[in-house]
Amino acid sequence: MDNNDITELFRQVISQAGSIDVAESEFKKMIGEDDDLHKAYRQWCHEVGSSERNGFLDYCEEYLDNQESIWDTLDNDYDK
């Protein structure tokens, strides 16, 4: 599993969960049940400079900030 695969998995978990808390809980369950996924997550955290404890949450915050930024840009374009 490469970085694109794991971040796609993150996005799927976020979109299905409906909240960050639920998404985090679901993701922790997933890595607890799948050693290969856990290894891939550990590697991803190392590559992006995040801790395993906070990596998923850091990604969630950045992802949601980017989503809001997209809507802000669209709103500004619409207002012109």
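Predicted model: local features only at pLDDT ≥ 70, side-chain atom pairs only at ≥ 80, totals over all residues.
## A buried ring to start from

Residues are numbered from 1 along each chain as its sequence is written, and side-chain values use heavy atoms, with hydrogens and water left out.

## Aromatic pairs

How many aromatic pairs does a search of the whole structure find? The search finds 10. Rings of Phe, Tyr and Trp (its six-membered ring) pair if their centres lie within 6.5 Å; planes under 30 degrees apart count as stacked, over 60 as edge-to-face and the rest as tilted. One of the pairs joins Phe 10 and Trp 44: the ring centres are 5.0 Å apart and the planes stand at 85 degrees, so this pair is edge-to-face. It links distant parts of the chain, with Phe 10 in helix 1 (residues 3–17) and Trp 44 in helix 3 (residues 35–48), 34 residues apart. Helices here are DSSP runs of H or I with at least four residues, numbered from the N terminus. Both Phe 10 and Trp 44 are buried.

Now back to Phe 27, which forms a stacked pair with Phe 56: the distance is 4.8 Å centre to centre, with 10 degrees between the planes. Phe 27 belongs to helix 2 (residues 20–33) and Phe 56 to helix 4 (residues 55–79), so their pair ties together parts that are 29 residues apart in sequence.

Which residues make up the aromatic cluster? Phe 10, Phe 27, Tyr 41, Trp 44, Phe 56, Tyr 59 and Tyr 63 form one cluster.

## Salt bridges

The structure also holds 3 salt bridges, where a salt bridge is a side-chain nitrogen of Lys or Arg within 4 Å of a carboxyl oxygen of Asp or Glu. In helix 1, Arg 11 and Glu 8 are 3 residues apart, a separation of about one helical turn. Their side chains meet in a salt bridge of 3.0 Å, N to O. Arg 11 is partly exposed at 27% relative accessible area, and Glu 8 is partly exposed at 35%.

Helix 2 holds Lys 28 and Glu 24, which lie 4 residues apart, about one turn of the helix. The side chains of Lys 28 and Glu 24 meet at 3.3 Å, N to O, in a salt bridge. Is Glu 24 buried or exposed? At 16% relative accessibility, Glu 24 counts as buried, whereas Lys 28, at 47%, counts as partly exposed.

Glu 52 forms a salt bridge with Arg 42, and their closest N and O atoms are 3.0 Å apart. This pair links distant parts of the chain: Glu 52 sits in the loop between helix 3 and helix 4, and Arg 42 in helix 3, 10 residues apart. Glu 52 is partly exposed at 34% relative accessibility, and Arg 42 is partly exposed at 40%.

## Cysteines

A disulfide is a covalent bond between the sulfur atoms of two cysteines. Taking a disulfide as a pair of cysteine sulfur atoms within 2.5 Å, the count comes to 0. Cys 45 is buried, at 1% relative accessibility, and Cys 60 is buried at 1% as well.

Notes:
Buried < 20%, exposed > 50% of the residue type's maximum accessible area, 1.4 Å probe, protein only. Helix = DSSP H or I, 4+ residues; strand = E, 2+ residues; numbered from the N terminus.
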